[in-house]
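Hi,

Here is the structure I promised to pass on. Have a look at it first, and then read on for what turned up.

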Amino acid sequence: MRSLVCVHPCTHARCVAYMWAIFICRALASLFTVRHNAKMPKTKQLHASEHDEQSALLRWSELQVGRYPELEMLAAVPNGGLRTKATAGKLKAEGVKPGYLDLQMLVPRGPFHGLLIEMKSMTGSTSKEQKEWISRHTKYGYRAVVCKGWVAARDEIVSYLGTK
């Protein structure tokens with residue numbers, strides 16, 4: 001008897017359905033995890049954080065490498081987060097710059113050299129530095145976009161990969 005799940009990449013309907021079920025369960029679990037915070041008002045709506053949105057996108061990309069091999073080139077740029085002053089100084093000396101975009105996929109498509117994405121939560125906003133980076137990347141022939149939520153980023157990637 002055949003196993004229910006085959007070695008990835010697989011196009012068997014049961015395997016694809018199984019992978020999607022796992023993906024959806026993990027994505028929903030991470031998106032709707034309640035964060036306990038005593039300072040949060042009870043009436044405030046819960047939204048997935050930028051971290052949760054980006055994590056969901058990368059989980060999706062791992063499952064879709066068989067369909068879109070270019071997704072192997074999708075990488076995060078660890079540019080944010082809390083750091084000690086010493087670590088911040090070292091990273092600055094190594095070339096970390098404020099506002100640099102979160103994700104990059106340096107795969108040429110159509111008129112573009114690559115795709116860069118600034119991930120945002122559904123309530124997040126773009127900083128002045130991020131807008132400047134988007135402008136610079138666009139000037140030099142890259143597709144640079146802001147995506148609110150992992151679904152918007154997924155749609156942008158799929159659209160970009162379909163560009164001839």
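How many bridges join strand 3 to strand 4, and do the two run parallel or antiparallel? Six bridges link strand 3 (residues 115–120) with strand 4, and the pair runs parallel. Please keep in mind that this is a predicted model.

These two strands belong to an open sheet of four, ordered 1-2-3-4 with mixed pairing. Strand 1 (74–76) and strand 4 (143–148) form its edges, each pairing on one side only. From one strand to the next, the twist averages 25°.

Two helices pack on this sheet. Helix 2 (residues 50–63) touches strand 1, strand 2 (103–105) and strand 3, and its direction makes about 135° with that of strand 3. Helix 4 (residues 128–139) touches strand 3 and strand 4, at about 145° to the direction of strand 4.

Now for the cores. The largest nonpolar core has 19 residues, and Leu57, Leu71, Met105, Ile117 and Ile157 have the most contacts inside it. Helix 2, strand 2, strand 3, strand 4 and helix 5 (150–161) each supply at least two of its residues; the largest share, five residues, comes from helix 5. Another core, of six residues, lies apart from this one and includes Tyr100, Leu101, Trp133 and Ile134.

Ile117 stands opposite Val145 in strand 4. Beyond its neighbours within four places in sequence, Ile117 is in contact with Leu101, Asp102, Leu103, Val145, Cys147, Ala153 and Ile157.

Terms used: Residues are numbered from 1 along each chain as its sequence is written. This is a predicted model: local features need pLDDT of at least 70, side-chain atom pairs count only at pLDDT 80 or more; totals for chains, interfaces and linings use all residues. Side-chain values use heavy atoms; hydrogens and water are left out. Two strands pair if DSSP finds at least two bridges between them. Axes are lines fitted to C-alpha atoms, for helices over the stretch in contact, and angles run from 0 to 180 degrees between N-to-C directions. Contact means heavy atoms within 4.5 Å. A nonpolar core is a set of buried Ala, Val, Leu, Ile, Met, Phe, Trp, Tyr and Cys residues joined through side-chain atoms within 4.5 Å. Buried means under 20% relative accessible area, exposed over 50%, partly exposed in between (1.4 Å probe, protein chains only).
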